[in-house]
Amino acid sequence: MTRRSTPRVVAWPGARSIAIALVALVAATALWWHTTGDPLEAAGARNLVAATPALPAAPPAIAAPTGSVARVAPLPPPAVTPYPAGGVPGIATDDPLTAYKKANVYPPTSRPLTENQLDLLQPNRRHETVREADQGDGITYLFTADRYFVIADETLTATLVVRRDGKPIAVTLTQAFFAVLDPVAHREQPIPLTFDSHGGILAATIAPARLALARQSAIGVYVEFDYGDGKQRAHIDFQYTPAAGIPARFTGVFLDGLESGSLVIHAGVDVIAPGPYLIDANLYDTTEQPVAWTRFKGDLAAGPQSADLVFFGKVLVDAAAHGPFHLGQLRGARFAPGRDPDLEQMPPFTGTFTTRPYATTDFSDAEYDSPEKQRMIDLLTNDRNHRGADGASTSSHR
Amino acid sequence: MHKHLLVAIASLAIPMTASAGVFDIHVGGICSTNFGDTLGHWPGETSINAPIDQRDSMATATAQMAATLDTYCTGGNLCYVYVYSNGGAVMSRTLALFNRSWNIGYVAASASNEGGSEIGGTGFVGEVFGGCTLAGHIGTSDHRNGWNHNDTHGIVTGMIAGNGWLAPFLQSAILPGHDDGAVSEASAGGYTTTTGRSSICEAAPKYANHQAWFSCEYGSLNHLDMKLKMLCNDGGLTGCK
């Protein structure tokens, strides 16, 4: 048996080697920084420079080094095509790293918006659909309302339409009430509700302000109707914010400008209850086509504040959008973890705001980057146990 | 002193991921308090049965989900999150509401109730799910209006859906399009409206970063069959239908 000689392993490098390595590391870092630009710029750093042109997207030219020093400049990463705003058609097959990169060409909270994204364009629409009665009998019904969020003195109109074989029929309401939901103690108190018939539609109006609630509440509306051959129950919920529980209001004061290649609209907010806020808005271009949505996600102190609505430059460039832009569906809520409900709604902004004119070329087409994104890329690069959608090619999942 | 300097330099050279743990978080469905006894397992990783109480309140479940992610998915750790049924809604809501830097490779969702179920609020709910307060408040308007489903922290959600018969119930007459007896493919496929779908590959608007994985639908699998299917598909379990 031949004994194999063990190669000599140097556990600790010499001090000279370390010094050389450190110098090389510093040089490479500096070169990377200059060739890629400030990564925080692409993430939308918050230095407002009103109406100044965006920095050029291309990195500045670097003078070629002289002498015999080896060039260590990293190659720029290949461009990644983002996932379509409306989703990937068919079955996705990207490996987790590729999928993450494609999902993060834009920031998580500032992304493209198309006219088909009704959840964002009509944030207070309801989603009930026509149902068949439990016992069948050719009976279908739709129990719904005109909104989901009700604020202060607003009212909610609940409607019930019952059909037999597709034709509206008259029914007898055997129960109709609403109740403030109590997910902890379950002490709901039914409040009778009266429905009136309007051309085959049963309708009832609820004015929650009369309940004198102190804070955000979920309210359930319940009906039981007799259609002749049987009875059917149905219920819907809605969210109510009493005037006393409104956490903040939009002031209607706005300021728009360019910030590191992105459009930023500073929305004035009068904060009553400090804390973490989620504020959403949509952006329409000069032809009133939706081009982007954004979300402010941060803490606001009490008093007059500003929520920065960042519309990422590349989103606007990729949409070939130009202004003046119009802000739409501005709404928000205070997040109150530990309470139920935990989202206290702000009254949506019902006015209009139009920005100054902007050309598409005013915005940066740089891809989003951040330390968090780079950390995720590192982690996913080093983990190969999970293949996600890419596993379709090897696993026996079908 | 010299040795201490060398140690410090050496530690700087160690990548953050060298000591990283990978955690596979499992989140159960409506009326559950955890995923159950069967988890997926991947070599060298730790499977977590997330203690999420989905009996009373989405707010409670969301806070517990965030606490779980805080425990396992920060620093140099990496998580993969496997959600079933209403667990998909809990995870989506947690990502949308919180503003924390969790390291999540992806969310893998089986039969997700992210878009709410049309049977929420009917007598069927208790029979299918075992009965609990929250089961009556996971309807389509509750979930679709409840949070911005497009804010996923940039995390991809892979989805699979079934179209099997959940005997002896008749929910398929209530749910639009194809369904697994408890949730429609409009919900399980991450679509932005409740319009009935005949598969989760159908071209229609979906929430950002939501996508179909592995199959356009599992025609013979019902809601209960779907629970472990994603774990099998992703290599963490064997023996699924």
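In which loop of chain A is A:Asp137 found? A:Asp137 is found in the loop between β3 (131-132) and β4 (139-145) of chain A; helices (H or I, at least four residues) and strands (E, at least two) are DSSP runs, numbered from the N terminus.

The model is predicted, so local features need pLDDT of at least 70 and side-chain atom pairs count only at pLDDT 80 or more, while totals for chains, interfaces and linings use all residues. Residues are numbered from 1 along each chain as its sequence is written, chains are lettered from A and ligands numbered from 1 in the order in which they are written, and side-chain values use heavy atoms, with hydrogens and water left out.

**Backbone exceptions in chain A**

Most residues other than glycine have a negative phi, and most peptide bonds are trans.

| Residue | Feature | Loop of chain A |
|---|---|---|
| A:Asp137 | positive phi of about 60° | between β3 and β4 |
| A:Pro324 | cis peptide bond from A:Gly323, omega near 15° | between α5 (313-318) and β19 (326-335) |
| A:Pro341 | cis peptide bond from A:Asp340, omega near 0° | between β19 and β20 (343-345) |

A:Asp137 is partly exposed, at 36% relative accessible area, whereas A:Ala152 is buried at 16%. Buried means under 20% relative accessible area, exposed over 50%, and partly exposed in between (1.4 Å probe, protein chains only).

**Strands of chain A**

Strands of a sheet pair through backbone hydrogen bonds, either parallel or antiparallel. Two strands are taken as paired if DSSP finds at least two bridges between them.

Strand β12 (residues 217-226) of chain A is mostly covered, with eight of its ten residues buried. β12(A) runs antiparallel to strand β8 (residues 172-180) of chain A, joined by eight bridges, and A:Val180 stands opposite A:Ile219 of β12(A). Ten bridges join β12(A) to strand β13 (residues 231-241) of chain A, again in the antiparallel sense; here A:Glu224 stands opposite A:Arg233 of β13(A). β12(A) and β13(A) form a hairpin with four residues between them, and A:Gly228 in the turn has a positive phi of about 105°.

An open sheet of three strands, with antiparallel pairing, has the order β14-β15-β18 in chain A. β14 (248-259) and β18 (303-311) of chain A are the edge strands, each with a single partner, so one side of each has no neighbour in the sheet. Neighbouring strands of this sheet are turned by 25° against each other on average, direction ignored. Strand β15 (residues 262-271) of chain A pairs with β18(A) over nine bridges, and the bridge partner of A:Ile265 in β18(A) is A:Leu309.

**Strand β6 of chain B**

Which strand of chain A is joined to β6(B) by two bridges? Strand β1 (residues 91-92) of chain A is, and the two run parallel; A:Ile91 has B:Ala212 as its bridge partner in β6(B). Strand β5 (residues 157-160) of chain B also runs parallel to β6(B), through three bridges, with B:Thr157 opposite B:His210.

Both faces of β6 (residues 210-213) of chain B are covered: B:His210 and B:Ala212 on one side and B:Gln211 and B:Trp213 on the other are all buried. B:Gln211 has a relative accessibility of 1%. A polar contact (a pair of N or O atoms within 3.5 Å; within protein, one must be able to donate a hydrogen and the other to accept it, and residues adjacent in sequence count only if both atoms are side-chain atoms) of 3.1 Å joins the side chains of B:Gln211 and B:Trp213.

**Other elements of chain B**

In strand β4 (residues 104-110) of chain B, seven of the seven residues are buried, so the strand is largely enclosed by the rest of the structure. Strand β3 (residues 78-84) of chain B pairs with β4(B) in the parallel sense over five bridges, with B:Val107 as the bridge partner of B:Val81.

B:Arg144, in helix α5 (residues 140-146) of chain B, is buried at 6% relative accessible area. Its side chain reaches the backbone oxygen of B:Thr192 at 3.4 Å. Leaving aside neighbours within four places in sequence, B:Arg144 is in contact (heavy atoms within 4.5 Å) with residues including A:His127, B:His149 and B:Tyr207.

Key:
Axes are lines fitted to C-alpha atoms, for helices over the stretch in contact, and angles run from 0 to 180 degrees between N-to-C directions.
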